[in-house]
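In these notebook entries I record what I looked up in one structure.

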Amino acid sequence: MTAAVINGKQPAIEARNVTRILPETVPVTLVKDIDLAIFPGDFMAITGPSGSGKSSLLYLLGLLDLPTTGEVFINGRPTHDMDEAERAAVRLGTLGFVFQFHFLLEEFTLLGNTMVPMRQLGRFKGAAMRERAEYLLEALGLADHMHKRPDQLSGGQRQRVAVARALANDPPVLLADEPTGSLDSKSSEQVFQILSDIAGRDDRAVVAVTHDLDMAERMDRRVRLIDGRIVADTVQTDTMQAAEPA
Amino acid sequence: MTLLFDIAWTHIRGRLRQTIVSIIGVMLGVGFSIAMAGLMQGSQDDFVATLIDALPHVLITDEVRIPPRQPATRIYDAVAISGLQPRDDRRGILNPTAVTAGLRVWVPGTFSASLSGQGVIRYSGKEQGIALTGIDPKAELAVSSIEDDIRQGSFEALTATANGIVIGDTLADNLGAELGDTFSVTSASGVLKQFKIVGLFHTGISVSDNGVGFVNLKSAQILLERPNAINQIKVRLNDVNTADIVAARIEAETGYKSVAWEEANEGLLEAFKIRNTIMYTVVGAILLVAGFGIFNIVSTIVHEKARDIAILKSLGFRQHTVMQIFVLEGLSIGVLGSLAGSVLGYSLCWLLASIKFEIKGGPAEITHLPIAYEPVHYAIAIAFALASAGIAAFMPARAAARLNPVDIIRGAT
Ligand SMILES: Nc1ncnc2c1ncn2[C@@H]1O[C@H](COP(=O)(O)OP(=O)(O)OP(=O)(O)O)[C@@H](O)[C@H]1O
Ligand SMILES: [Mg+2]
């Protein structure tokens, strides 16, 4: 059923028959019967019209929300019987989030923001932690701004800090919800390039929800949602060929 | 943990003025409670010290609380006795030498046996009743503070003067008698004896100053026709805190009523307890108000920082950790307020203690308010402040921990 059959690899995240219904007076179905496997190294776009359930799916894949029925596996591990603390631990160590609006801690410097997940997890400590944060910010073109606070930056710069922070604990999966949705085209392109670079490296999977169909075209795999259901899951085998002549 | 402190600090810094007001609230609560406790404890200690100094720690009298068992009940298990006339014993502690010797073996302290009775003084045509207490001067001085009240002559002079008497200065004034004068005392049974004034005291208690006299035990026994008898033993203990235990054991062993100073002043000590309860209620109320301040500020911060909470939770902070951040904020206010309050409390105590009072009536004497510096007062006030801060912060912190990050992230989009 899932892409696992095609690929033969262990999925980083796998949704099996996931449905999420909000228990309102008139129940709202956010996503329905989702079967989706995200593999290490995937660079995947989730597209679809507004209100089709893209964000909802991302929250479910990122353990921020719980399915009404169905199961989500992280690295083959079932998550439905995890408690709140265990799911938090998985988010901290295995998943990185980037949202449409940067969501930084306003009172912390860029360096401080980038180090928050590392300080909480403890995988990187002391000087190594600081070096890693500096390295990430430098790699994202923020070397001159490390000691500034988010309100001194442009939208594109802030979004890059959010990416640095999402990568802080070196998670195998990065989940982004319209990471370029609030940026101008130049910043958009920068952030897209960064995500594209990340996806290629160390078998890290990057999943990005996007409205921008051109952008989606440039990604390796596209999942299209309509009314909470997956209607298409295309693996773009000709990315390289398409990219080379350009 | 330092991360949580850092985050908590940024929240507090954003609400600095309100935070300072909350800290001041806690400070006032803690400070005033410490000062109040110090003042109340101080006056209580001072009072009790005076009491302990002036009164025997245990007073053994010739009363018997449990009537002696009749010979018939001692021999037969169950008997009903009717028409029985108890033997009309003369009151007094029988066999005083044996009793005191028995006590001396195990009671850690000093004793003074005495015999009291009534008499009438006749002097230069005046008659005046007097309560006579016959004592051994040395033994009495070891258990009482009468020496401090001597104004003329001395108490010890009784030892050298077999027919000496020490009376209150008011009584002497009333009689028109002076130190060295001699007067006669007649007992109820008509025995008459001459006494020479060897000392005058002033206790400030008019009943004593106007109607009490101390004589040698032997003289009292002769005057009252009770040779070898005593009716009271005063005990002064090395450790005053053992008084009730010692009193109970003395009563059990001798059968004579023994009253510890606590029992004798039960009503007074009870009043202190009520006073302390009122005090801690007031202090509790102040700190409760301070608690509301903390509740208010932490609630405000939780509301303001909902976005931060969503960020932290999406990054993988668990509920418990998020809660810790906000409890930490409340506790920080509590800790800072407690520290400032301790300083304030200490300063207030110091200030109160430095105020001088002139006491009228006695010899011109300058005294200070008695203040107790008890670490336990600080501990109680701080514990109460921290508990109230913790509880006040806990409620909004729990609400913060339960915030659903998805709701907030959606709301921002
Ligand atoms: N709390 C909620 N209560 C009611 N309906 C909701 C709630 N959250 C989401 N929905 C609805 O669920 C559907 C899916 O929402 P979702 O945000 O996942 O869509 P989306 O594809 O991300 O849309 P967009 O492109 O606008 O971000 C939408 O129709 C939305 O209105
Ligand atoms: Mg969305």
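I count two residues as in contact when they have heavy atoms within 4.5 Å of each other. I take helices (H or I, at least four residues) and strands (E, at least two) as DSSP runs, numbered from the N terminus.

I note that this is a predicted model, in which local features need pLDDT of at least 70 and side-chain atom pairs count only at pLDDT 80 or more, while totals for chains, interfaces and linings use all residues. Residues are numbered from 1 along each chain as its sequence is written, chains are lettered from A and ligands numbered from 1 in the order in which they are written, and side-chain values use heavy atoms, with hydrogens and water left out.

**Entry 1: helix H5 of chain A**

I looked up the length of helix H5(A), residues 126–139. Its 14 residues should span 20 Å at 1.5 Å a residue, and its end C-alpha atoms are 20 Å apart, which agrees. The expected span is 1.5 Å times one less than the number of residues.

Which residues of H5(A) are buried? I found Met129(A), Arg132(A), Ala133(A), Leu136(A) and Leu137(A). They cover an arc of only 130° around the axis, which puts them on the same side of H5(A); the arc is that of the directions from the helix axis to the C-beta atoms. Buried means under 20% relative accessible area, exposed over 50%, and partly exposed in between (1.4 Å probe, protein chains only).

The buried residues of H5(A) pack against helix H4 (110–121) and helix H6 (155–167) of chain A. On the other side of H5(A), I recorded Ala127(A), Glu131(A) and Ala139(A) as exposed.

**Entry 2: ligand 1**

I asked which chains surround ligand 1. Residues from chains A and B do, so the site is shared between chains. A residue is near a molecule if one of its heavy atoms lies within 4 Å of it. There are 14 residues around ligand 1, and Ser50(A), Lys54(A), Ser55(A), Ser56(A) and Arg410(B) come nearest.

I then looked up polar contacts, which are pairs of N or O atoms within 3.5 Å; within protein, one must be able to donate a hydrogen and the other to accept it, and residues adjacent in sequence count only if both atoms are side-chain atoms. A backbone N or O atom of Gly51(A) lies 2.8 Å from an oxygen atom of ligand 1. A polar side-chain atom of Lys54(A) is also 2.8 Å from an oxygen atom of the ligand. For Arg410(B), a side-chain N or O atom is 2.7 Å from a ligand oxygen.

Strand S2 (28–38) and helix H2 (54–61) of chain A are the elements that give two or more residues to the shell around ligand 1. The largest share, three residues, comes from H2(A).

**Entry 3: two residues of chain B**

I located His11(B) in helix H1 (residues 2–13) of chain B. His11(B) counts as buried, at 1% relative accessibility. Its side chain joins that of Glu329(B) in a polar contact of 2.7 Å.

I located Ser338(B) in helix H14 (residues 319–354) of chain B. At 3% relative accessibility, Ser338(B) counts as buried. The Ser338(B) side chain reaches the backbone oxygen of Gly334(B) at 2.7 Å. Leaving aside neighbours within four places in sequence, I found Ser338(B) in contact with Val26(B), Val30(B), Ile382(B), Ala385(B) and Leu386(B).
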